[in-house]
Amino acid sequence: MRVIVTTYWNVKLGGETAIAQQIAQAAQLLQQGETVAFPTETVYGLGADATNTKAVEHIFTAKGRPSDNPLIVHIAGTEQLASLVQADCITPDHQKLMAAFWPGPLTIVLPVLAGSLSPLVTAGLNTVGIRIPDHPVALQLLREVNLPIAAPSANSSGRPSPTLASHVRDDLDGRIGGIVDGGATGVGVESTVVQFVDGELFVLRPGGVTAEQMQVILPDICIHTSEPTEVEASQTPRAPGMKYTHYAPKGTMYIVQGEDEQAVAARIQADIDAAKARGESTGVLTFEERVNWYRADLILACGSLAQPDTIARELYAALRTFDERGISYIAAEGVPATGIGQAIMNRLLKAAGHEQIRV
């Protein structure tokens, strides 16, 4: 039996020398085939050496993650691409995206170089998703370890992704080798995953880079932004987040959306009142502008509609708060699916099991 004691490093404290020593210790653990959670600009990732199958197995075991769900590989610089992907398949359009959004919350799916990574990383596909994170701790760790690091979100599979080190500890303490605490993450939702097919760009998972931003960089490229249909049980998804339920709180959750905000509020309140009468503990996920519109056991203002990036940043922490308070019935307001709103709605729908009411 493998006994794991999770080491905790707080790199928010101490001088440069102390922080460098902690990151070096975390890198050494990764080099030894262990798992280490670390902050990125999106969410905390659970990293392991992407070339080491035994190390990658530890990710799946710790998370309870299905083995047919591919992993994103994190690198410190584009010079590492040559040893991981088929270089002749990197087009000028790929390079434009890399120049504009790396480091950053964009994952690009590319043809994998045979034998370069553990087959568990690609889940048997001939492609791999790669990105360079835009976070000083992540970049310092990646440079120190000098390995491609496979890193899905550092949470139990299906749970809301972690935006704080404390979220990682809640889910994975004692199941992983270490946690690097770099404070709260910035974007709050995972990276955008894209793939070129026949000269057109497909958004496999919306995230921190919007389609509108990519269109500015690639004005002549057709970008497909509609969410792909759910992957069949027998199929391997091309990117994380396409097949399985994700980000879900423990309670029942659904989304109410419509053009008439008063009608949305009225429907939510009627449902909350009925749930309360059934003996449920009730919650409403709304926004700063509407926090006083509702009566429920727990009302959470998840950012501001006037600043959708704040909604993305606070979403997962809000979903975890419902769990901490034992809320069994949650009604959530939807957001317009434009810009970062597309990523927010993607996560909300998956958290709600695609249960949505339009009024």
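Me: In this predicted model, how many bridges join strand β5 to strand β9?
Reply: Strand β5 covers residues 106-111 and strand β9 covers residues 192-197. The two run parallel. The number of bridges that join β5 to β9 is three.

Me: Which residue of β9 is the bridge partner of threonine 107?
Reply: Leucine 106 stands opposite threonine 192 in β9. Threonine 107 has its own bridge partner in β9, and that residue is valine 193.

Me: Do β9 and β10 run parallel or antiparallel?
Reply: Strand β10 spans residues 200-205, and five bridges join it to β9. Strands of a sheet pair through backbone hydrogen bonds in one of two senses. For β9 and β10 the sense is antiparallel.

Me: Which residue in the turn between β9 and β10 has a positive phi?
Reply: β9 and β10 form a hairpin, with two residues between them. In that turn, a positive phi of about 55° belongs to aspartate 198.

Me: How many of the six residues of β9 are buried?
Reply: Buried means under 20% relative accessible area. By that cut-off β9 is mostly covered. The number of its six residues that are buried is five.

Me: Which are the edge strands of the open sheet of eleven strands?
Reply: The strand order is β1-β8-β2-β3-β7-β4-β6-β5-β9-β10-β11, with mixed pairing. An edge strand here pairs on one side only. That picks out two strands, β1 (7-10) and β11 (223-224).

Me: What angle does helix α6 make with β8?
Reply: Helix α6 covers residues 165-172 and packs on the sheet. There it touches β1, β2, β3 and β8. Its direction and that of β8 make an angle of about 165°.

Me: At what angle does helix α1 run to β1?
Reply: Helix α1 (residues 16-31) lies across several strands. Among them are β2 (36-39), β3 (44-49) and β8 (178-181). Relative to β1, helix α1 runs at about 145°.

Me: Is α1 parallel, perpendicular or oblique to α5?
Reply: Helix α5 spans residues 136-145, and its axis comes within 9 Å of that of α1. The two axes cross at roughly 55°. Roughly parallel needs an angle under 35 degrees, and roughly perpendicular needs 65 to 115. Therefore α1 is, relative to α5, oblique.

Me: Is the crossing of α1 and α5 left-handed or right-handed?
Reply: Residues from both helices meet here, including Ala20, Ile23 and Leu30 in α1 and Val137, Leu141 and Val145 in α5. The handedness of the crossing is right-handed.

Me: Which strands stand at the edges of the open sheet of five strands?
Reply: This sheet has the order β14-β13-β15-β12-β16, with parallel pairing. An edge strand has a single partner, so one side is left without a neighbour in the sheet.

Me: What angle does the direction of helix α8 make with that of β15?
Reply: Helix α8 (residues 261-277) packs on the sheet. It touches β12, β13 (282-286), β15 and β16. With the direction of β15, that of α8 makes about 175°.

Me: Which residue of β15 stands opposite methionine 253?
Reply: Strand β12 (residues 252-257) and strand β15 (residues 329-333) pair in the parallel sense over five bridges. Threonine 252 stands opposite tyrosine 329. β13 and β15 also pair in the parallel sense, over four bridges. Glycine 283 and methionine 253 both stand opposite a residue of β15 named isoleucine 330.

Me: Which residues of β15 are buried on the side that holds Ile330?
Reply: Five of the five residues of β15 are buried, so the strand is largely enclosed by the rest of the structure. In a regular strand the side chains alternate between the two faces of the sheet. On one side of β15 lie Tyr329, Ala331 and Glu333. On the other lie Ile330 and Ala332.

Me: Is aspartate 323 buried or exposed?
Reply: Aspartate 323 lies in helix α9 (residues 308-324). It touches Arg159, Pro249, Lys250 and Gly251, not counting residues up to four places away in sequence. Its relative accessibility is 14%, so aspartate 323 counts as buried.

Me: How many disulfides are there?
Reply: A disulfide needs two cysteine sulfur atoms within 2.5 Å. Cysteine 302 is buried at 2% relative accessible area, whereas cysteine 222 is partly exposed at 36%. The count of disulfides is zero.

How values were computed. Residues numbered from 1 in each chain as written. Predicted model: local features only at pLDDT ≥ 70, side-chain atom pairs only at ≥ 80, totals over all residues. Heavy atoms only, no water. Buried < 20%, exposed > 50% of the residue type's maximum accessible area, 1.4 Å probe, protein only. Contact = heavy atoms within 4.5 Å. Pairing = 2+ DSSP bridges. Axes fitted to C-alpha atoms, helices over the stretch in contact; angles between N-to-C directions. Parallel < 35°, antiparallel > 145°, perpendicular 65-115°, else oblique. Left-handed = near helix turned anticlockwise from the far one by under 90°.
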